[in-house]
Amino acid sequence: MKAYYELVDEIQRDVERLREESGGVPCPSDCFSCCRNTSTMAISEVEARDLKVGLDALPAELRTHIHQKAERSIKKLKAHGYDAEDIMPDAGMKAIEVVKGTPEGECPMLIGGVCSVYEHRPVICRVWGYPIQNSNELACCHKTFIGKRRQFRPLNYTRYWRVCQDLSRELGATQKTPNCYLVSQLLSE
Ligand code: SF4
Ligand code: SF4
């Protein structure tokens, strides 16, 4: 996990560089729209291990609440014919359509508009809102860096994600897990 925490530090430095260059945090303080449709997002094993540290540190009643939220998402996904294995080939992009805009589409760890595992959130949550290089694409939240996405050196998400995958393989994991299934599993251990 040491290498993962080094990656997290590197991301933090890159984000701070971009913040300085662009004039601050790009997201409004009351916005959490991007946590609304993430119940099926792909999470790697190394991120999952850090997430577990965050979940374990929460009070029991919050853990129960998060677990119940994850289970409700799973139930709805299953009712539409999706199980953990069917969701992952496209990183959950297709499956999210059946829960999008509903409470079951929300990240289970979003509580009252706040990320309950903020210090332990997955890599994509650390970079979204800033321009990111993802393979050959420049991606960014549609609410931020409007009209100036190409003015700054983007965050190297391709590298961050590759490191996560390499470290996960070293831990013996070959598959990513959809968010709600992972959270349910971590809270059942
Ligand atoms: S882990 Fe936190 S930041 Fe990421 S989607 Fe969930 S609530 Fe949002
Ligand atoms: S990344 Fe976009 S949706 Fe997410 S908090 Fe920032 S402005 Fe809101």
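## Getting started

A helix here is a DSSP run of H or I with at least four residues, and helices are numbered from the N terminus. Keep that in mind while you look around, and remember that this is a predicted model.

Let's start with the aromatic rings: the structure holds 4 aromatic pairs. One of them joins Tyr-157 and Trp-161, with ring centres 6.4 Å apart and planes at 10°. Planes under 30 degrees apart count as stacked, so this pair is stacked.

Both residues sit in helix α6, which runs over residues 157–170. Tyr-157 and Trp-161 are 4 residues apart there, so about one helical turn separates them.

Elsewhere, ring pairs tie Tyr-130, Phe-145 and Phe-152 together into a cluster.

Now find α3, which covers residues 60–79 and has 20 residues. From its first C-alpha to its last, α3 reaches 29 Å, close to the 28 Å expected at 1.5 Å a residue.

Which residues of α3 are buried? They are Ile-66, Lys-69, Ala-70, Ser-73, Ile-74 and Leu-77. Look down the axis of α3 and these buried residues fall within an arc of 135°, so they line one face of the helix. The cover over the buried residues of α3 includes α2 (45–56), α4 (84–87), β2 (110–111) and α7 (179–188).

Following α3 is Gly-81, and its phi is positive, near 85°.

## Around the ligands

Two ligand surroundings are worth a visit. Ligand 1 is surrounded by Cys-35, Thr-38, Met-41, Cys-107, Met-109, Leu-110, Cys-115, Pro-122 and Cys-125. How does the shell around ligand 1 divide into nonpolar, polar and charged residues? It has 8 nonpolar residues, 1 polar and no charged.

Around ligand 2 you'll find Cys-27, Pro-28, Cys-31, Ser-33, Cys-34, Trp-128, Gly-129, Cys-141, Lys-143 and Thr-144. By class, the shell around ligand 2 holds 6 nonpolar, 3 polar and 1 charged residues.

Key:
Residues are numbered from 1 along each chain as its sequence is written. Chains are lettered from A and ligands numbered from 1 in the order in which they are written. This is a predicted model: local features need pLDDT of at least 70, side-chain atom pairs count only at pLDDT 80 or more; totals for chains, interfaces and linings use all residues. Side-chain values use heavy atoms; hydrogens and water are left out. Helices (H or I, at least four residues) and strands (E, at least two) are DSSP runs, numbered from the N terminus. The expected span of a helix is 1.5 Å times one less than its number of residues. Buried means under 20% relative accessible area, exposed over 50%, partly exposed in between (1.4 Å probe, protein chains only). The arc is that of the directions from the helix axis to the C-beta atoms. Contact means heavy atoms within 4.5 Å. A residue is near a molecule or strand if one of its heavy atoms lies within 4 Å of it. Ala, Val, Leu, Ile, Met, Phe, Trp, Tyr, Cys and Pro count as nonpolar, Asp, Glu, Lys and Arg as charged, and the others, Gly among them, as polar. Rings of Phe, Tyr and Trp (its six-membered ring) pair if their centres lie within 6.5 Å; planes under 30 degrees apart count as stacked, over 60 as edge-to-face and the rest as tilted.
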